[in-house]
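User: I am new to this structure and would be grateful for a close look at a single part of it. Please then continue from that part to the sheet in one connected account.

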Amino acid sequence: MPAEARNLLLVDDDDPYRAVLARSLARRGFQVTAVATPAEALICCQKQHHDYVILDLNLAGQSGLNLIQPLLTLSPEARILILTGYASIPTVVSAMKLGAIHYLAKPADVADIIRALIKEGLDTAEVVHEQRLTVRHLEWEYIQRTWEEHGGNVTATAQALGMHRRTLQRKLAKRRPRDPRPPPPEGRPGP
C-alpha cells in the first residue's frame, strides 16, 4: 500500500515530538493532521477520513487506549498505531483488543513507524524490547494501567493501589519519567 496521498492523524501531546514526526511523515508523502488532545482528534475524524492514526498512549494523563474505539467508530478503516515510551505486554494486548494494528516504543524510527502502519499483522516478538525500565518508570506505568482498569476513577484506583487519593492525584498529574536511554541517533524523532 503506497504511503503517498494517504491521510494520517497524529495524536501526541508532546509538542516538539509531534512537530518533528509530522514533518518527517509529510516528507514521506503522508497528508498529516497533527493534534494534541483526544477532543481535537475526534473533531478531525468527524470532518475527514483518515487512513492511518498514530496515537500516543499517554495524552496529558489520559490513556490513548480510550480513544481507539471512538476513532474506529468514526474511521472504521483507519489503521491505528500506538506509540509510547513504555511498551509492556499487557498494554499491547489491551491496545490490540481495542483495534490497534501495532504498537511501537519511542523513540521509533520514521521508517519503522511507516512499516508498522502499512505492514499486515503484528509480530508480538517485535514488541518485546530489551530496554530495562527504572523503578520510577515501572511505578508510573503500573499506576497508569491500574487507573485505566478502573475507568479513570481516582478513588477506585487509589483504593486498589492502597494509597491516599491525594497522593495518587499528584502522581497522575506528573508526566512520565524522563527516558534514561541516550538520545536517539540523528534522523530519529526523540521520545
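Predicted model: local features only at pLDDT ≥ 70, side-chain atom pairs only at ≥ 80, totals over all residues.

Analyst: The buried residues of helix α6 pack against β4 (58–59), β5 (62–63), α4 (89–98), α7 (154–161) and α8 (165–173). The residues of α6 that are buried are His 137, Trp 140, Glu 141, Ile 143, Gln 144, Thr 146 and Trp 147.

Helix α6 covers residues 135–149, which makes 15 residues. Just after α6 comes Gly 151, which takes a positive phi of about 60°.

The account now turns to the sheet. Its 5 strands form an open sheet in the order β2-β1-β3-β6-β7, and their pairing is parallel. Strands β2 and β7 (102–105) stand at the edges with a single partner strand each, so one side of each has no neighbour in the sheet. From one strand to the next, the twist averages 20°.

Strand β1 (residues 6–11) and strand β2 (residues 30–35) are joined in the parallel sense over 6 bridges. Between these two strands the chain passes through helix α1 (residues 15–27), and this β-α-β crossover is right-handed. Arg 6 has Phe 30 as its bridge partner in β2, while Leu 9 stands opposite Thr 33 of β2.

Helix α1 lies across β1, β2, β3 and β6 (79–84), and runs at about 170° to β2. Helix α3 (residues 65–74) lies across β1, β3 and β6, and runs at about 165° to β6.

A pair of aromatic rings is described by the distance of the centres and the angle of the planes. For Phe 30 and Tyr 52 these values are 5.6 Å centre to centre and 80° between the planes, an edge-to-face arrangement. The angle is over 60°, which means that the pair counts as edge-to-face. The pair links distant parts of the chain, with Phe 30 in strand β2 and Tyr 52 in strand β3 (residues 52–56), 22 residues apart. Phe 30 and Tyr 52 are both buried.

Conventions. Residues numbered from 1 in each chain as written. Heavy atoms only, no water. Pairing = 2+ DSSP bridges. Helix = DSSP H or I, 4+ residues; strand = E, 2+ residues; numbered from the N terminus. Right-handed = clockwise from strand over helix to strand, strands pointing away. Phe/Tyr/Trp six-rings, centres within 6.5 Å; stacked < 30°, edge-to-face > 60°. Buried < 20%, exposed > 50% of the residue type's maximum accessible area, 1.4 Å probe, protein only. Expected span 1.5 Å × (residues − 1). Contact = heavy atoms within 4.5 Å. Axes fitted to C-alpha atoms, helices over the stretch in contact; angles between N-to-C directions.
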